[in-house]
Amino acid sequence: FLKLRIPSMTFPWRRQNSDEKFYNAIAFFAIVNCVVISEFWILRRKKEVLIRKIFGYSNLKLFALFYRQMLCVSSMAVAGVLFTELLVAHVTNVSISMDVRKLIVSVLFVVLASFVLVLTPVYKASKFTIEKEAV
């Protein structure tokens, strides 16, 4: 049989030390919590969704509404983190260097995460009907 060997190919998750694995686990847990919280946030607004549907809101309009709100909350969180980081750096006299590329990737991640976080709850909210749900 023919055996193929991939010469010294290492995968990023194999190069991580224990601290990086721990931080990645925390990040994964935080993302899962964000999904649950965003679902709870939209389900809490069941009456509002039903009223908007009565007045002619389509599922796309509902998605756009909730996406804008989630993007606004996420953007404020990013701004809060940046402000806190700069404040701590100023108070402790530690210089912080920010890579523009990483900042752009972070902003793109916030936009994508907001999109993904709103998908499932809005899909569930689109199934709300007046017959099923009592206002």
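## Overall fold

The protein contains four helices and zero strands, in the order α-α-α-α from the N terminus; helices (H or I, at least four residues) and strands (E, at least two) are DSSP runs numbered from the N terminus. This is a predicted model, in which local features need pLDDT of at least 70 and side-chain atom pairs count only at pLDDT 80 or more, while totals for chains, interfaces and linings use all residues. Residues are numbered from 1 along each chain as its sequence is written, and side-chain values use heavy atoms, with hydrogens and water left out.

## Burial and contacts

Of the 135 residues, 17% count as buried, that is, under 20% relative accessible area with a 1.4 Å probe and protein chains only. Among contacts (heavy atoms within 4.5 Å) between residues at least 6 apart in sequence, 78% join residues at least 24 apart.

## Arg45

Arg45 occupies the loop between α1 (18-44) and α2 (46-54). This residue counts as buried because its relative accessibility is 16%. Apart from neighbours within four places in sequence, Arg45 contacts Phe66 and Gln69.

## The largest pocket

A pocket is an open set of points on a 1 Å grid over the protein atoms alone, where a 1.4 Å probe fits, with protein on both sides within 12 Å along at least five of seven lines; lining residues have an atom within 4 Å of a point. Of the 24 residues lining the largest pocket, Val78, Ser106, Phe109, Val110 and Ala113 are the closest to its centre.

Helices α1, α3 (59-92) and α4 (100-126) each supply at least two lining residues, and α4 gives the largest share, nine residues.

Notes
Buried means under 20% relative accessible area, exposed over 50%, partly exposed in between (1.4 Å probe, protein chains only).
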